[in-house]
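Dear colleague,

Here is the structure I said I would pass on. My notes on it follow below.

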Amino acid sequence: MSTGVLVVRFDQDDEITGLRVEVYSVEKAACIASGVAPIGQWRSPPITPGRYLVKILGPVCWQGEALVEPKQETVVVPVLLPGGGAEAVISDMDGAPLPGGVLRIKDGKYTSWVNISSQRGALALADSKGNARLDCLPAGNQTFVIESHGYNPQEITVNVQPGMV
């Protein structure tokens, strides 16, 4: 069977780097390609013809869909979604960072912008400085749980603003 290529183009602020592109097969209901996008464009490896949903994840998020044809280069221009992100510095009472601490949505659901399914239990782990971040969250009030081994979980409700972290 012949393959095609998906080219994802999007407008972004030049200061935003390291955006992640994910391509989902509608027929397989699975992510079939992903990678880090350079500014403004990303090319898939050769993929099987069919219908695909595309997500671009970062401080702001985009979504689009495309029909990839055999032996064709298909261009998709995803639309900007009205969501935001949340970040936390996970530390002890003295302010010392807690690497490996967890930031998660309280109800355990992380709604994927792709309408294939919801990803359960999505979370962010704190880095060596205690920083943890979740992107592409729906706008509105979200309750998060912050956890670390040996400490009581803490809950916080944040109003996620479109395009903001």
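At 26% relative accessibility, E147 counts as partly exposed. Its partner in a salt bridge is R104, with the closest N and O atoms 3.0 Å apart. R104 belongs to strand β10 (residues 102–105) and E147 to strand β15 (residues 140–147), so the pair ties together parts that are 43 residues apart in sequence. R104 also counts as partly exposed, because its relative accessibility is 25% and the buried class is kept for values under 20%.

Please keep in mind that this is a predicted model.

The overall picture comes next. The protein has zero helices and 16 strands. Of its 165 residues, 42% count as buried. The protein exposes about 9200 Å², and carbon and sulfur atoms supply 51% of that area. Among contacts between residues at least 6 apart in sequence, 59% join residues at least 24 apart.

Five of the strands form an open sheet with antiparallel pairing, in the order β3-β2-β5-β6-β8. β3 (30–37) and β8 (79–80) stand at the edges, and each has a single partner strand, so one side of each is left without a neighbour in the sheet. For β8, the pairing with strand β6 (residues 62–68) is antiparallel and runs over two bridges. Q63 stands opposite V79 in β8. As background, strands of a sheet pair through backbone hydrogen bonds, either parallel or antiparallel.

Back to the charged side chains: the count of salt bridges comes to seven. One of them joins R43 and E73, whose closest N and O atoms are 2.7 Å apart.

Another salt bridge is formed by E65 and R51, with the closest N and O atoms 3.8 Å apart. E65 sits in strand β6 and R51 in strand β5 (residues 50–57), 14 residues apart. How exposed are the two residues of this pair? E65 counts as exposed at 53% relative accessibility, because the exposed class covers values over 50%. R51, at 40%, counts as partly exposed.

Regards

How values were computed. Residues numbered from 1 in each chain as written. Predicted model: local features only at pLDDT ≥ 70, side-chain atom pairs only at ≥ 80, totals over all residues. Heavy atoms only, no water. Helix = DSSP H or I, 4+ residues; strand = E, 2+ residues; numbered from the N terminus. Buried < 20%, exposed > 50% of the residue type's maximum accessible area, 1.4 Å probe, protein only. Contact = heavy atoms within 4.5 Å. Areas by Shrake-Rupley, 256 points an atom, 1.4 Å probe, with all protein chains shown as cover. Pairing = 2+ DSSP bridges. Salt bridge = Lys/Arg side-chain N within 4 Å of Asp/Glu carboxyl O.
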